[in-house]
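Thanks for making the time this morning. I would like to walk through a few parts of one structure with you, so please have the sequence and the view open as I talk.

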Amino acid sequence: MSVNTINVQAAEMADSEIEKADTPPPPYVAVVSNGKTEPVSPQNGEVLENGNGSAAPQNGKGSAAQLNGEQNGKGSKAKDDKDDKDKKPDIPPVGFLKLYRFATAFDIFITLIAVLASLAQGLSFPLLLLFFGDITDTLIGSVDLTGNITLPTDSSGNVVDPVKLFRDEITRFCVIYAILGVAVIGVAYISHSLWNTTASRQMFTIRKLFFAAILRQEIGWFDTHESGELNTRLSEDVDKIRMGIGDKVGQTLYLITVFLGGIVLGFIKSWKLTLVILAISPLIVASAGLMAKVLQTFSKKEFDSYAKAGSIAEEVLSSIRTVVSFGGQQKELARYTTMLEGAKSQGIKRNTAQAAGIGVVYLVMFGAYGLAFWYGTKLFLEMELLPGDILVVFFAVLFGAFSFGQAGPNFGNISQARGAAAVIWAVIDQKPSIDSSSDKGLKPDTVTGEISFENVHFVYPSRPDVKVLKGLNLKVKQGQTVALVGSSGCGKSTTVQLVQRFYDAGEGVVKLDGVDLKDLNVKWLRQHTGTVSQEPILFACSIKDNIRYGRMDVTDEQIQAAAVEANAHDFISALPKGYDTLVGERGAQLSGGQKQRVAIARALVRNPKILLLDEATSALDTESEGTVQAALDKAQSGRTTIVIAHRLSTIRNADMICAFKEGIIVEQGTHAELMTLEGGIYQNLVQLQSRKEEKPEKPKEELEDEDEDEDEKKTNERGPSSPTKVQQIENTPLIDGNDLNRSDSKRGSVKGLKRMMSNISSHSVSSKKDEKKEEEELLKYFSFGRIMKMNSPEWCYIIMGSIAAGVNGAMQPAFAIIFSRVLGTFALTDVDEINARTTLYCLLFAAIGVVIMVASVVQGSALGKSGEELTVRLRHNAFKAMLRQDISWFDNEKNSTGALTTRLATEAAQVQGATGARIGVLMQSVCNIGTAIVISFIYGWQLTLLVLAFLPFIAIAGAIEWQLVQSSEAQDKEALEASGKVATEAIENIRTVASLTREETFQSKYLSLLEGPYRTNLKRAQASGIAYGVSQGIIFFAYAAAFRLGGHLVEIQVMTFDNVFLVFSAILFGGSEKNCSAF
């Protein structure tokens, strides 16, 4: 077992534990002009109420987190609500076998085969040791002190040819080793490939079921579960489950089998020596286990700090327009950096603790080497044990115990998987009271459209102490248009959400055509309801697909007809790609008015019996509002319509206007009737709005000139800082189609728009074709030297850690020298000399342990410090660079919130992978292999050349396996990023998805993005299994060849047997798979 093996495994264990994840962000609170963090008072163009008691962002913009909070009915109590969410009850971990609850019969079958293969692979180590002891006795017992072959006799006393007997014995053992090598290749391939296959199959199923379970939950559930949390569980927590059911389980079984097999073999050979070694083995196990526990503690704290930093990044990037408008970039950067500093501190502690743990493990292990060889020599002198038996017991018990310690991190992975599964299983098993995926409930053949509220009381699940509706009574007749008005927080939007059955009333009944909504099928109800909200949500697809989301079976002609009815056809047709134009994330490529009209078309294409308009014209200018309002008036004909309006002029013709106050209707009637109520709520609202409209306005021509000047100014301001001209134009909101009707002077500009967009289209196509080439060109500007330059402030730590790593690496060849000399003592005849040499070598073993412990602490702490500093520097600079980009840069689909936060969370950590602890591993491997080769050539160049010939095979097999894992991880990363965007889009906009009944659509889209990588992973599992099998079995062939040549060299007296062991152990330990993979 080489020093590098433990160091690399510990580094991998720590890397696997540190999840750079994003947790649910707190709502972004904008600081208003008076310096207080309080709701902004309604301004001209705002709605008076958005269902939560706080004003909506102006112009349909602002913080995404703020909008999410408003839509969920959280408002000014968002912070308190978040605190409530944090106080969720702990869910006990599931049992280990429960991790396989979604395994099919085939999965169970191949898992059982994988278990047997892992156990068989574990038994190969005791078998190797068993024959290793026999071949050791053969080498030691075949020569006397001068190196001459002894003359054996048969049972009759006749002399047997000693050379032939020696050669036959060596050959027999070498053949056995070769057979073991073939068997290990086979069982290792079966184990590795089948564990990965069953894990990939189950992960695909779990992701599918978990995403479907999320989308089926009622809206109230999302009020207490942040979208960031759900996305994290969908990606990272599912990956944790994979660690608990995949090849880590096979590796754990293999290590436990090595442990149990070693203990059994030790007791068979010598129970006395076994008990002595076992007395020390708990120290090794305890040291490794304690190290794993401490690492998990520091890793969790580091994870929490990075998670908080990630939540800040997600919050800021999703609300970038609000942050920029308030000039909050520096403040947010400081907040983000503060969280990174906490993570850095924990990371340095983790690296130091890891290094100290490794050092203590090696100190105990080398101390055990000394004690074992001292007591083993005592038993040898008492004629109780042969030298080979001493080695067998020594390696079997020591490496068996250490294998059990190595399994510690895997137990941690399994424990994490059980914890992650508990939460995910709970979501999958949760049956919502309002289940949009259920077929239960009435589905009447016809819908009249009569809606009634009977003494309805309601509180939001996230705010159980705030009563929103306090006995609402309202009846909306068939085909009637009812308008709801009132101040913020009075319950208007809540009323609309109850009609969609986003929530159920706490008391009272909401009925449709005399039937309680609870008795109706949820999906059927929403399919007969068309909704247009104040802030329209468009999805990252084409305009045509966005409208089709209203009803999936509509034809292109019906889509166009709906667009005409919503006054959207003209501006859509003006685009070069027309209805196939992509709208970008959240519809960022369209203006507010354009998004609103597309949303109206999406609602109308459903041909709903019930129309719910929550500020449907709020984002439109006055002229467009009139046109669209006329279209809406026409669309309302024959439909039951509930309207929430801020511009009261749009509801004058409503059949009934209801004025809300504190959760009840206090005024009800037509416009004329309510205007006669002196001091009434509605009359006051109309008068306040009339005063604003009486303010003088600039002439239309002057406004248009100002708009053009402003556009020109914005273009000039971008200057060379903009990425490319094409990107500038692509990311600029498209011109409002209603400009076509404004004046003849504007028609020329529309033609210019068409020409401009055509150029954009052609440039976009060519840009996409050259995208890969541009990325390759970009990579030329980055190198390892540039990374090290960024890490230059920590050069003293890097040099100190590298020197310590070199010392660590040189200790393994030193161990090989002492180990071979210990074996040489068994060929001596002088008892006193044997005791003296044994005592010396045992003390040298202990000294090696002390040196390794000190060097490990210096190496781990120094290089850990440099690596953590680089990670923080990279994250800080990356986030700073993002915040100084033009807003148009964020409109690019590659720069979506999810993609950017993922880059911050993962890519900085990946860059650190080229520095920090990896530098130590590389330096350690160089010194290890270099020192081993030099020593081996000195003591036996012939055998050295043969053993070196196997190193390329070990390195190539390890490299192929590593490359397959890396390529699989890269493809998985791309797939998870793409599917993560879909999941994020669906979860963050769950109200829109639910109102459109598009849950199944997003599920299909999500699974289609996972299907390709899933199939590829199944194929890669086989290739990876072959590489893994070869890497595990090649060592047996190296043993066979080395001992055969070594026996020949001893036979012809070119080498002594102890030098054979020196060369063999130095090269094979120094050139182990872990050391080779460091390159």
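This is a predicted model: local features need pLDDT of at least 70, side-chain atom pairs count only at pLDDT 80 or more; totals for chains, interfaces and linings use all residues.

Strand 7 is covered on both of its faces, with Ile610, Leu612 and Asp614 buried on one side and Leu611 and Leu613 buried on the other.

Which strands does strand 7 pair with? Strand 6, residues 529-532, runs parallel to strand 7 and is joined to it by four bridges, and within that pairing threonine 531 has leucine 612 as its bridge partner. Strand 8, residues 640-644, also runs parallel to strand 7, here through five bridges, and in this case leucine 611 is partnered by threonine 641 of strand 8.

If we set aside its neighbours within four places in sequence, its contacts are Leu472, Asn473, Leu474, Thr495, Leu498, Val499, Val509 and Val510. Phe453 is also listed, together with residues including Phe211, Trp425 and Leu474, among those with the most contacts inside the largest nonpolar core, which has 88 residues. The element that gives the most to this core is helix 5, residues 162-216, with eleven residues. Another core, of 85 residues, lies apart from it and has Phe125, Cys174, Phe826 and Ala827 among its members. As background, nonpolar side chains in soluble globular proteins tend to be buried together.

Now to the backbone, where two residues deserve a careful look. Most residues other than glycine have a negative phi. Arginine 501, however, has a positive phi near 55°, and this residue sits in the loop between helix 13 and strand 4, residues 507-512. Is arginine 501 buried or exposed? Its relative accessibility is 6%, and because buried means under 20%, arginine 501 counts as buried. Glutamate 662 also has a positive phi, of about 55°, although it is not a glycine, and it lies in the loop between strand 9, residues 656-661, and strand 10, residues 664-669. Glutamate 662 has a relative accessible area of 56% and is therefore exposed, the cut-off for that being over 50%.

I will finish with a pair of helices. At what angle do helix 11, residues 329-381, and helix 28, residues 831-883, pack? The angle is about 170°, and the axes are 8 Å apart. Because angles over 145 degrees count as roughly antiparallel, that is how helix 11 and helix 28 are described relative to each other. The residues of the contact between helix 11 and helix 28 divide into 29 nonpolar, 16 polar and nine charged.

Definitions and conventions
Residues are numbered from 1 along each chain as its sequence is written. Side-chain values use heavy atoms; hydrogens and water are left out. Axes are lines fitted to C-alpha atoms, for helices over the stretch in contact, and angles run from 0 to 180 degrees between N-to-C directions. Helices (H or I, at least four residues) and strands (E, at least two) are DSSP runs, numbered from the N terminus. Angles under 35 degrees count as roughly parallel, over 145 as roughly antiparallel, 65 to 115 as roughly perpendicular and the rest as oblique. Ala, Val, Leu, Ile, Met, Phe, Trp, Tyr, Cys and Pro count as nonpolar, Asp, Glu, Lys and Arg as charged, and the others, Gly among them, as polar. A nonpolar core is a set of buried Ala, Val, Leu, Ile, Met, Phe, Trp, Tyr and Cys residues joined through side-chain atoms within 4.5 Å. Buried means under 20% relative accessible area, exposed over 50%, partly exposed in between (1.4 Å probe, protein chains only). Contact means heavy atoms within 4.5 Å. Two strands pair if DSSP finds at least two bridges between them.
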